[in-house]
Amino acid sequence: MSTTYARLPNRVKAAVIDSITLIILMYSITQIFSLFETVPNYVRGGLFFVVFFLYEPILVSLFGRTLGHLFCDIVVKSEHNEKKNIPFHIAFIRFILKALLGWISLLTVTGNEKNQAIHDKVAKSIVIGI
């Protein structure tokens with residue numbers, strides 16, 4: 001059975017869904033904080049950091065997918081073993097590079113046979129359509 005690599009439209013849809021998910025999470029946190037008289041800034045900043053910077057790496061390393069990936073029927077796996085998720089530290093590096101390069105990285109998907117973006121090549125990951 002041949003591997004079907006995720007195509008650009010599904011990856012873009014997943015990114016949009018994940019962006020909306022992050023906005024909803026951060027808005028919800030803000031609403032919860034408003035229920036308390038005082039919340040130290042370090043608590044606010046720390047929680048926003050965790051949500052923004054760890055949402056994708058945690059979900060990708062544990063489950064191979066974010067909510068956006070789930071809705072678009074795609075999954076992130078190790079390039080060397082399609083049955084394995086990538087480890088957290090690699091998923092974190094992948095996310096940081098993806099965030100720094102933005103859409104430029106995603107637009108490189110169509111330039112190779114495995115549909116890997118720059119951040120996938122660095123992380124040695126592939127995104128598979130299921």
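Which side chain meets that of K98 in a salt bridge? In this predicted model, the partner of K98 is E56, with 3.0 Å from N to O. The legends below start from that pair.

**View 1. Salt bridge between K98 and E56.** The two side chains meet at 3.0 Å, N to O. K98 belongs to helix α4 and E56 to helix α2, so the contact links distant parts of the chain, 42 residues apart. K98 has a relative accessibility of 22% and therefore counts as partly exposed. E56 is buried, with a relative accessible area of 6%.

**View 2. Salt bridge between E56 and R94.** The side chain of E56 also meets that of R94, with an N to O distance of 3.1 Å. Because E56 sits in helix α2 and R94 in helix α4, the pair ties together parts that are 38 residues apart in sequence. R94 is buried, at a relative accessible area of 3%, and E56 is buried as well, at 6%.

**View 3. Salt bridge between E79 and K114.** These side chains meet at 3.1 Å, N to O. E79 lies in the loop between β1 (74-78) and α4, and K114 in the loop between α5 and α6 (118-123), so the pair ties together parts that are 35 residues apart in sequence. E79 is partly exposed, with a relative accessible area of 22%. K114 counts as partly exposed, also at 22% relative accessibility. Elsewhere, salt bridges that share partners join R11, E56, R94, K98 and D120 into one network. The structure holds 5 salt bridges.

**View 4. The largest pocket and its lining.** The volume of the largest pocket is about 470 Å³. Its lining consists of 20 residues, and A15, S19, E56, F95 and K98 are the ones that lie nearest the centre. Two of these names, E56 and K98, are the salt-bridge partners of View 1. Helices α1 (8-33), α2 (41-63), α4 (88-101) and α5 (103-106) each supply at least two lining residues. The largest share, 6 residues, comes from α1. By class, the lining divides into 11 nonpolar, 4 polar and 5 charged residues.

**View 5. Nonpolar surface patch.** V16, I20, I24, W103 and L107 make a nonpolar surface patch of about 500 Å². Helix α1 gives the most to this patch, with 3 residues. W103 is found in helix α5. At 49% relative accessibility, W103 counts as partly exposed, because the class of exposed residues begins over 50%.

**View 6. Positive phi at D73.** Most residues other than glycine have a negative phi. D73 is not a glycine, yet its phi is positive, at about 55°. D73 is placed in the loop between α3 (67-71) and β1. With a relative accessible area of 43%, D73 is partly exposed.

**View 7. Positive phi at N115.** N115 is a residue other than glycine with a positive phi, near 55°. Is N115 buried or exposed? At 16% relative accessibility, N115 counts as buried, because buried means under 20%.

Terms used:
Residues are numbered from 1 along each chain as its sequence is written. This is a predicted model: local features need pLDDT of at least 70, side-chain atom pairs count only at pLDDT 80 or more; totals for chains, interfaces and linings use all residues. Side-chain values use heavy atoms; hydrogens and water are left out. On a 1 Å grid over the protein atoms alone, a cavity is a set of points where a 1.4 Å probe fits but cannot get out, and a pocket is an open set with protein on both sides within 12 Å along at least five of seven lines; lining residues have an atom within 4 Å of a point. Grid points are joined across faces, edges and corners, and a volume is the space filled by probe spheres set on the points. Helices (H or I, at least four residues) and strands (E, at least two) are DSSP runs, numbered from the N terminus. Ala, Val, Leu, Ile, Met, Phe, Trp, Tyr, Cys and Pro count as nonpolar, Asp, Glu, Lys and Arg as charged, and the others, Gly among them, as polar. Patches are made of residues with over 30% relative accessible area and no salt bridge: like charges are joined within 9 Å, nonpolar side chains (Val, Leu, Ile, Met, Phe, Trp, Tyr) within 5 Å. Accessible areas come from the Shrake-Rupley method with a 1.4 Å probe; for residues, only the protein chains shown count as cover. A salt bridge is a side-chain nitrogen of Lys or Arg within 4 Å of a carboxyl oxygen of Asp or Glu. Buried means under 20% relative accessible area, exposed over 50%, partly exposed in between (1.4 Å probe, protein chains only).
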